[in-house]
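Keep the sequence and the 3D view open while reading.

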Amino acid sequence: KGGKSMLFQTSKEHEDLRKEIRAFAETEIKPIAFELDQNNEFPTEAIKKFGEMGFMGLPFPKKYGGMGKDILSYAIAVEELSRIDGGTGVILSAHVSLGSWPIFAYGTEEQKQKYLIPLANGSKIGAFGLTEENAGSDAGETETTAELDGDYYILNGTKIFITNAIVADTYVVFAVTTPGIGTKGISAFIVEKGWEGFTFGDHYDKLGIRSSSTAELNFNNVKVPKENLLGKEGQGFRIAMATLDGGRIGIAAQALGIAQGAYENAVQYSKERVQFGKPVGFNQAISFKISDMLTKLTTARFLVYSAAELKENDKPYGMEAAMAKQYASDIALEVVNDALQIYGGSGYIKGIEVERAYRDAKITTIYEGTNEIQRVVIASHILGRQPK
Ligand code: CAA
């Protein structure tokens, strides 16, 4: 039996895709995952290969270079990469949900031809520049400016904590075009690497997800052609919020995958490790942990896959995506903690997968909206927005 839960009925097509991504993760990522983590190194070759297989464009239509699969397929892909390496999971999630999706959803046909196709066919990598020093949870406090001057917007400012920074080619960046009017003065732009005045800070030296690249984006009088405005002037904040609604499904899937990997390792270990003359898994202190871990994972999977299906079917999904992200990441921390506890001292040593999962899981309660912000989002769906 092995505790396989069949509660959420995925299709054969979804499970075939899971097998394919799992095989990729196990052959291409697993053997190098420890080294990537140790060296803070991006899996350049593996991601190139993943892109050539079509997976970097999983949920986008074939006519835009994608695979034409659904959002659930994409969530499964992020989950399966994260089961082996949380850092690799977020590379896909940030590329698809944050770097590519806003261009798909809000781009003109010309923008899709020019930017979405290479992103979806895996020849380019995407990123998303929203967060700033004074605009983290309060994303509306964006200070980066974009001033119209003839045929160009002149972009100035700094974005921090940007996933896929440095390795990306295309960036969706948010900046103030009309100061003094709050969120309605923010606009979105497509910015290319290599434009004069666009530079990067150093890679952050992070606690976990060290195979993903995270750095600052610096804009010093960067000339952004007028046609690279994404959506309309003043629509940027809404674009950011709508993008994050979808992105949260990706992070929820990442948390689920990290926890799933740790759970499987812990189950295996509990069968092999013998103390007091029997495998440790036969102690209730351990077996109850294991049963709780699977119950939590199964509940989280329900939320994540259901949010993905809602998005796929054009139903409202913002609240469900926030619930999925908040719940999956909260339980991911509990599951990796229990997994490491089951390993005991052996799990505390570098090179052991649960040690990496323990560190990788933490970020999922923080980025793409802290879990406190997820609760703000969920509550605003229940009670309405806070009076200002
Ligand atoms: N979709 C569309 N529009 C939305 C929206 C949504 N989900 N949520 C809000 N809006 C609109 C509102 O309707 C409102 O428009 P109107 O004034 O025209 O009605 C406008 O946006 C402003 O809304 P609020 O007044 O609710 O905005 P707020 O300033 O109070 O902020 C918030 C709301 C939910 C706290 C928001 O700031 C937020 O989500 N913060 C978290 C930011 C975040 O998630 N950052 C993650 C960075 S990316 C990242 O982490 C990536 C990575 O590393 C992988």
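Helices here are DSSP runs of H or I with at least four residues, numbered from the N terminus. A23 lies in one of them, helix α1.

**Confidence**

- The chain has an average pLDDT of 97, and 98% of the residues score at least 70.
- For the model, ipTM is 0.97 and pTM is 0.97.
- Where pLDDT is low, predicted coordinates should not be read in detail.

**Helices α3 and α4**

- Helix α3 covers residues 71-84, and its axis comes within 6 Å of the axis of α4, with a crossing angle of roughly 155°.
- Angles over 145 degrees count as roughly antiparallel, so α3 is roughly antiparallel to α4.
- On the α3 side the contact involves Y74, A77, V78, L81 and S82, and on the α4 side G86, T88, G89, L92, S93 and V96.
- Sorted by class, this contact between α3 and α4 has 6 nonpolar residues, 5 polar residues and no charged ones.

**Helices α4 and α6**

- Helix α4 (residues 86-106) and helix α6 (residues 236-272) have axes that come within 9 Å and cross at roughly 160°.
- Because of this angle, α4 is roughly antiparallel to α6.
- The crossing of α4 and α6 is right-handed.
- From α4, the residues that make the contact are G86, G89, V90, S93, V96, S97, L98, W101, P102 and Y106.
- From α6, they are I239, T243, G246, G247, G250, I251, Q254, G257 and I258.
- The contact of α4 with α6 contains 9 nonpolar and 10 polar residues, and no charged ones.

**Helices α6 and α8**

- Helix α8 spans residues 318-343; α6 and α8 pack at an angle of about 20°, and their axes are 8 Å apart.
- Angles under 35 degrees count as roughly parallel, and α6 and α8 are therefore roughly parallel to each other.
- α6 passes α8 in a left-handed crossing.
- In the contact of α6 with α8 there are 22 nonpolar, 5 polar and 4 charged residues.

**Two asparagines with positive phi**

- N40 is not a glycine, yet its phi is positive, at about 60°.
- N40 sits in the loop that runs between α1 (12-39) and α2 (44-52).
- N40 counts as partly exposed because it has 16 C-beta neighbours inside 10 Å.
- N164 is also not a glycine, and its phi is positive, at about 70°.
- The loop between β3 (152-163) and β4 (170-176) holds N164.
- Is N164 buried or exposed? N164 counts as buried because it has 27 C-beta neighbours inside 10 Å.

- A175 is part of strand β4.
- A175 has 28 other C-beta atoms within 10 Å, so A175 is buried.
- Which residues does A175 contact, leaving aside neighbours within four places in sequence? They are T142, T144, T145, A146, L155, G157, S187 and F189.
- A175 and E143 are 32 residues apart along the chain, and their C-alpha atoms are separated by 6.9 Å.

- N134 is found in the loop between β1 (126-129) and β2 (145-149).
- N134 counts as exposed because it has 10 C-beta neighbours inside 10 Å.
- Not counting residues up to four places away in sequence, N134 touches E141 and E143.
- From C-alpha to C-alpha, N134 and A175 are 13 Å apart in space, and they are 41 residues apart in sequence.
- A23, in helix α1, has 11 C-beta neighbours inside 10 Å, so A23 counts as exposed.
- A23 and A120 are 97 residues apart in sequence, and their C-alpha to C-alpha distance is 21 Å.

Conventions
Residues numbered from 1 in each chain as written. Predicted model: local features only at pLDDT ≥ 70, side-chain atom pairs only at ≥ 80, totals over all residues. Axes fitted to C-alpha atoms, helices over the stretch in contact; angles between N-to-C directions. Parallel < 35°, antiparallel > 145°, perpendicular 65-115°, else oblique. Left-handed = near helix turned anticlockwise from the far one by under 90°. Contact = placed C-beta atoms within 7 Å. Nonpolar A, V, L, I, M, F, W, Y, C, P; charged D, E, K, R; others polar. Buried ≥ 20, exposed ≤ 12 C-beta atoms within 10 Å, placed from the backbone. pLDDT = per-residue confidence, 0-100.
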